[in-house]
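Please read the following note with the sequence and the model open beside you. The points can be checked one at a time.

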Amino acid sequence: MSPAADPRPETPGAAPGPVTPILTVDRLSAKIAGQQVVEDVSFSVPPAGITALLGRNGVGKTSTIKAIIGLIDRSGAVTLDGERIDKDPTYRIIQRGVGYVPEDREVFSKLTVAENLRLAERDAAPRRQLVEELFPDLLARAGQMAGTLSGGQQQMVSLARALLNTNKVLLVDEPTKGLAPKIVGEVAETLAEAARTVPILLVEQNLQVVRQLAGDAVVLSGGRVVHTGPAQEFLDDAALIQRHLGVSNDPHPGADQASHAAVKGAAQ
Amino acid sequence: MTTTGSNTETTTGGDAGTTAGTGAVRRSRRQGATHDDGARTAGTPGAGRGRGGRPVTGRRIAGWAAGLAGVLLLVLLPLLNLSLPGILPGPSYTPGSLQLLAMSMLMAAAALTYHLLLGVAGLLSFGHALYFGAGVYGLAIILKNLEIPLLPAMGLTLLIVIVLAHVVGSISLRVGGIPFAMVTLAFAQAGSVIVGRNPDGRTGGDEGLTLRTDNLPEALVGVVNTRNLYWLALAVLVVVFIIVSWVQSSRAGHTAAAVRENELRVRVLGLQPYLVKLLIFVVSAILVGVIGMVFLLLQSGAVPRAISSDLTITLLVMVVLGGVGSRWGAVIGGVFYTILDQRLTALANSEAVKGLPDILRVPLSEPLFILGTLFILVVLFLPGGIAGTAERLAQRRRGRAGNGTTETPREILEDAA
Amino acid sequence: MSTVILLLFTGLGLGALYFLVAAGLSLIYGLMGVLNFAHGAFLTLGAFTGWEIARRAGSDNWGIFLVSLLIGAAAGAAFAAFTEFVLIRRLYQRHIEQVLVTLGLSLATVALFDGIWGTDPVFIQGPAWFKDTTDILGARVPNDRFVCILAAVLVLLALVFFLKKTRYGMIIRAGVENRSMVTALGIDVRKAFTLVFTIGGAAAGLGGVLASHYFGYVSPMLGGSLLIFAFIVTVIGGLGSLTGAAIAAVAVAVLQQFANFYLGGTGDFVVVLALGVVLLVRPTGLLGRTA
C-alpha cells in the first residue's frame with residue numbers, strides 16, 4: 001500500500017498555503033421533491049490528493065455530490081478550475097472534466113461491460129490501455145451483461161468509466177459500500193493510484209479507508225459543513241468523530257444501513 | 001420541482017382553505033428536512049394529523065360569503081331578464097340560456113369531482129367518463145326497461161356505479177402515475193366499446209338513447225320546465241362543491257394529499273395509501289355518476305360521447321384551464337370551457353367564418369382546435385390556470401407575497417407523476 | 001381449421017399495426033417518461049399523407065404504394081420531431097405537463113384533420129394484389145395482411161439492429177434503464193429524446209399508411225382508436241420494452257380476433273380483461289422492469 005502512504009505527493013507543503021482549489025462549493029443548497037437536503041454548504045477541493053466528505057448517514061453527502069453535477073435542483077455557486085458550473089446541465093459539467101462514480105455503482109445492467117465502458121468514452125483518445133491494466137478482470141468479461149457481475153466487479157466498471165477520460169476532478173461516492181474486505185483494499189488501491197494524477201472528492205463511510213487515503217476532510221452535519229481540515233487531525237480526535245459521525249473509530253461502519261436505504265427510497 | 005430556493009410561494013391555486021390545511025402537512029415536512037436524518041426517514045408525527053390548528057382567516061369567510069351571494073344570484077337568474085351578449089344566446093330567463101348555464105354548472109361539478117382525483121389525491125385518471133357514462137346510461141336503460149319511479153331508478157344506478165368504481169379502482173390502483181392513467185383509460189374504453197356495440201339494442205349504439213319520460217315527475221320534463229332542471233343543476237353543483245370541500249378537509253383528504261406528496265412517508269406512519277386512494281377514487285366516481293344522471297335529465301337522452309374518453313379529457317382540460325389544485329379553479333374552468341365551446345361552435349357556423357379563406361376558415365370552424373391550442377398555451381405559459389393567474393395578479397396588486405407553504409399547481413402535477 | 005388460420009393472420013396483421021404504434025410509445029415512455037397522446041395524430045397524419053399520394057399519383061401501383069409508405073413515415077417523423085422539439089422539450093422533467101401538452105396537441109390536430117379532410121372516412125385503394133387472397137391451408141387470407149406483417153417485422157429488425165449496434169441505440173438502451181446516469185457520463189440525452197420521438201413518429205406514420213390499407217379507409221379518428229390498444233399493448237408488454245411490445249401486440253390482436261369470432265364480438269372487452277389480469281398478476285407487464 002505504498003501509494004497511500006503519501007496521498008498528496010503534489011501538494012507543496014502541508015500548510016494551508018495559497019493553493020488554488022480545483023473545485024469550490026459556495027453556499028450550495030439543494031432540494032429533492034421539495035425537501036431541503038443540502039443547506040448552505042461551502043468547501044473546496046485542493047488540486048491534488050484525496051479530500052474526504054464525511055458525515056452521518058443521510059446527512060446529505062450524496063446529495064451534495066449530486067448537486068455539484070446538477071443531478072438534483074440546486075442553488076449556490078460551484079466553481080471548477082476557475083469557471084462557474086452551477087448553471088450548466090449535468091452532461092456539460094461532466095464534459096468539462098468531472099468524473100463521477102455514483103453510490104451503488106449504477107452500471108447499466110442490461111448493457112455489456114464493453115458497452116458500459118464505450119458509453120463512458122468522451123475523450124478523443126480514451127485511456128483504454130490504462131483501464132485494461134487496472135482492471136484486467138473486466139477485459140475478460142467484456143461481453144457479459146453488467147447486471148450479472150458481482151458488486152466488486154460492478155464497482156470496477158463504475159470506476160473504469162470515470163478513469164477512461166482525462167478529468168480535472170473525480171467525485172467518488174461510497175466506492176467500498178457493501179464490498180468484501182479484500183475488494184475494499186483493491187478499490188482503495190485503485191483510488192490511491194488514480195489520485196496521483198487527478199484530485200478526488202471521496203464520500204466514504206469506512207474510516208480505515210479514509211485514514212489510508214484522504215489528505216483533507218470536510219465534515220457535514222444537518223446538511224451543513226461543521227468541520228474542515230486535515231483528515232488525520234479529524235480522525236485522531238475521538239470526540240469530534242463521536243459528535244459528527246456518531247460512531248467510535250470503528251473500522252466496520254454501516255450499522256445504520258437500513259435508515260440509509262429508507263432515505264434513498266424517499267428521495268427517489 | 002420547478003423553482004429553486006424559497007421563491008415558490010407566489011403561485012397558488014386561490015384556495016385559501018385547502019392550502020392552509022395541507023400546508024400543515026407540507027410545513028412539517030419542510031421543517032423536518034432541516035433537522036437530521038431521522039426526520040426525513042420516519043417523518044414527523046404531524047404528517048397525517050389532519051385538521052389540527054387550521055386558521056379560519058378573514059379571507060376564508062369572505063370567500064364563502066362571495067360564494068353564497070353568487071349562488072343566490074344564480075338561484076334568481078331564471079326570474080330575471082339579464083342579457084349577456086356574446087356569452088349567453090339570449091336573455092337569462094329563456095330556455096336556451098338556462099340550458100347552457102345548467103350544462104356549464106353540471107360540467108363544473110364534474111370538473112370538481114375530477115379535481116378530487118387529480119388535485120387532491122394526485123391521480124391522473126383517464127377513465128372518469130366511465131362513471132359519468134354509467135350514470136347516464138344506467139339511468140336511461142333502467143327508466144326505459146323498468147316501471148319504477150325516478151328516485152329508486154337513481155338509487156339502482158348508483159349501486160351499479162359504486163360496484164363498478166370499486167372493481168376498476170381496486171385493479172387500476174395497483175399501479176401509479178402514468179401506468180395508472182393508461183389502465184383507467186383502457187377500462188373506460190371497454191365501457192365505451194360496450195355502449196358502441198349496442199348489446200341487445202340496450203344502449204342504442206351510435207344513436208344513443210332517448211330519455212323515456214313515462215315515470216318521471218312532470219316538473220322535470222319538457223322545455224317549459226328547463227328552469228327546474230336549471231335549479232336542479234345548480235343544487236348539484238352546490239352540493240358537490242360542499243362534499244368535495246368536506247372530503248378535502250377530512251382526515252382522508254389530508255392523508256390523500258400526504259400520500260400524493262410522499263407515499264413512502266405515509267406508509268412509514270402506518271397508514272394505508274392504497275385504501276385512501278381507493279376511497280377518494282370511489283367518492284369521486286359516485287359524485288360524477290350522480291352528475292351523469294342529472295345530465296341525462298337535462299339532455300333528455302344518452303349519447304355515446306357521455307362515456308367516451310373525450311369526456312374525461314374535457315374534464316381534465318377544464319381542471320387544468322381553471323387551475324390544478326383549486327376548487328374554484330375547477331368550477332371556473334368547467335363553466336368557462338362549456339360556454340366557450342358553445343360560443344365557438346356558434347362562431348364556426350356563422351356566415352362570417354364561412355366567408356373566410358380556407359387557411360382561416362378551417363381552424364376557426366373547429367372549436368376543439370382552438371380549445372386544444374388554448375390548452376397547450378395554458379400548460380406552457382400559465383401553469384396556475386385561470387385561478388392561479390388571477391391569484392398571482394391579485395397578490396401583485398396587494399403588494400405582498402403569499403405564504404410559503406402553499407403548493408403550486410406544478411408541484412401537484414409533479415406529485416401525480 | 002381454415003377459420004383459425006384466417007383469424008390468426010388477420011390477428012397478426014392487426015398486431016403488426018399495434019406494434020408499429022406501440023414500439024414508439026414504449027420507447028418514448030421508457031426513455032423519457034412521457035405518455036404520448038399525440039402518437040395517434042402522428043399515425044393519422046401519415047395515413048392522410050399516404051392517401052393524398054395515392055389519390056394524386058394513382059393507387060394501383062406498387063411503386064407509388066412504396067413511395068406513400070416512405071412519405072407517410074416521413075410525415076409522422078417530422079411531426080413527431082416538431083412535437084418533441086417545440087413542446088416537450090420546454091417541459092423537461094415535468095412529466096404530467098408533458099402528457100397534458102401531447103393531449104392538447106392530439107385534440108387540436110384531430111380537430112384540424114376534421115376541418116381539412118372532413119369527419120367521414122375517406123376510402124383508399126392500393127395495388128390490386130392487396131384485395132386478392134392467398135390460399136394457406138385452405139384459408140383465403142387477404143394479401144394486405146402479409147404486407148402489414150412484413151413491414152412490422154422489418155421495422156422490428158431495424159429497431160433491434162439500431163438499438164444493439166449503434167452508439168445512439170446504446171444511449172437509448174442505457175437511458176431507458178437509468179437516464180440520469182447517462183447524463184452523468186457526459187452525454188446530452190436530449191438528442192436521444194428527439195431521436196426516439198422521430199423514430200416513433202416514423203413507425204407510427206408508416207403504421208398509418210398500412211392501417212389505411214388494412215381497414216380500407218382513413219378517418220381523423222383512426223389514430224385515436226389504434227392508440228388505445230397500443231397503450232394496452234405497451235402496458236401488457238412492459239413499458240420501455242421493445243420485445244415486450246412486439247409480443248404483446250401479437251398476443252392482444254390475435255386474442256381480440258379470436259374473441260370477436262368465437263365469443264360473439266367481445267374482442268375489445270376480452271383485451272381489457274387480459275390487461276386487468278396481467279396487472280393483477282404482474283403489474284410491471286410481461287417484460288417490464290421490476291421496480
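Predicted model: local features only at pLDDT ≥ 70, side-chain atom pairs only at ≥ 80, totals over all residues.

1. Residues are numbered from 1 along each chain as its sequence is written, while chains are lettered from A and ligands numbered from 1 in the order in which they are written. Helices (H or I, at least four residues) and strands (E, at least two) are DSSP runs, numbered from the N terminus.

2. Chain A has an open sheet of four strands in the order S2-S1-S4-S5, with antiparallel pairing, where two strands pair if DSSP finds at least two bridges between them. Strand S2 (35-45) and strand S5 (83-84) of chain A are at the edges, each with a single partner strand, so one side of each has no neighbour in the sheet. Between strand S1 (residues 23-32) of chain A and S2(A), which run antiparallel, there are seven bridges, and A:Leu28 stands opposite A:Val41 in S2(A).

3. Strand S3 (residues 50-55) of chain A is mostly covered, since six of its six residues are buried; a residue is buried if 20 or more other C-beta atoms lie within 10 Å of its own, exposed if 12 or fewer, and partly exposed in between, with C-beta atoms placed from the backbone. A:Ile50, A:Ala52 and A:Leu54 point one way from S3(A), whereas A:Thr51, A:Leu53 and A:Gly55 point the other way. S3(A) runs parallel to strand S8 (residues 200-203) of chain A, joined by four bridges, and also parallel to strand S9 (residues 216-221) of chain A, joined by five bridges. A:Ala52 stands opposite A:Leu202 in S8(A), and A:Leu54 has A:Val219 in S9(A) as its bridge partner.

4. In chain C, helix H5 (residues 143-165) and helix H8 (residues 189-215) pack at an angle of about 170° with their axes 9 Å apart; axes are lines fitted to C-alpha atoms, for helices over the stretch in contact, and angles run from 0 to 180 degrees between N-to-C directions. H5(C) and H8(C) are therefore roughly antiparallel to each other, as angles over 145 degrees count as roughly antiparallel, under 35 as roughly parallel, 65 to 115 as roughly perpendicular and the rest as oblique.

5. Which residues of chain B and chain C does B:Phe375 contact, leaving aside its neighbours within four places in sequence? They are B:Val317, B:Val320, B:Leu321, C:Gly104 and C:Leu107, where two residues are in contact if their C-beta atoms, placed from the backbone, lie within 7 Å. B:Phe375 lies in helix H16 (residues 367-381) of chain B and is buried, with 25 other C-beta atoms within 10 Å. The C-alpha atoms of B:Phe375 and B:Leu321 are separated by 6.6 Å, although the two are 54 residues apart along the chain.

6. The contact between chain C and chain B takes 35 residues from chain C and 38 residues from chain B. On the side of chain C that touches chain B, the largest share, 15 residues, comes from H4(C). That side divides into 24 nonpolar, six polar and five charged residues, where Ala, Val, Leu, Ile, Met, Phe, Trp, Tyr, Cys and Pro count as nonpolar, Asp, Glu, Lys and Arg as charged, and the others, Gly among them, as polar.
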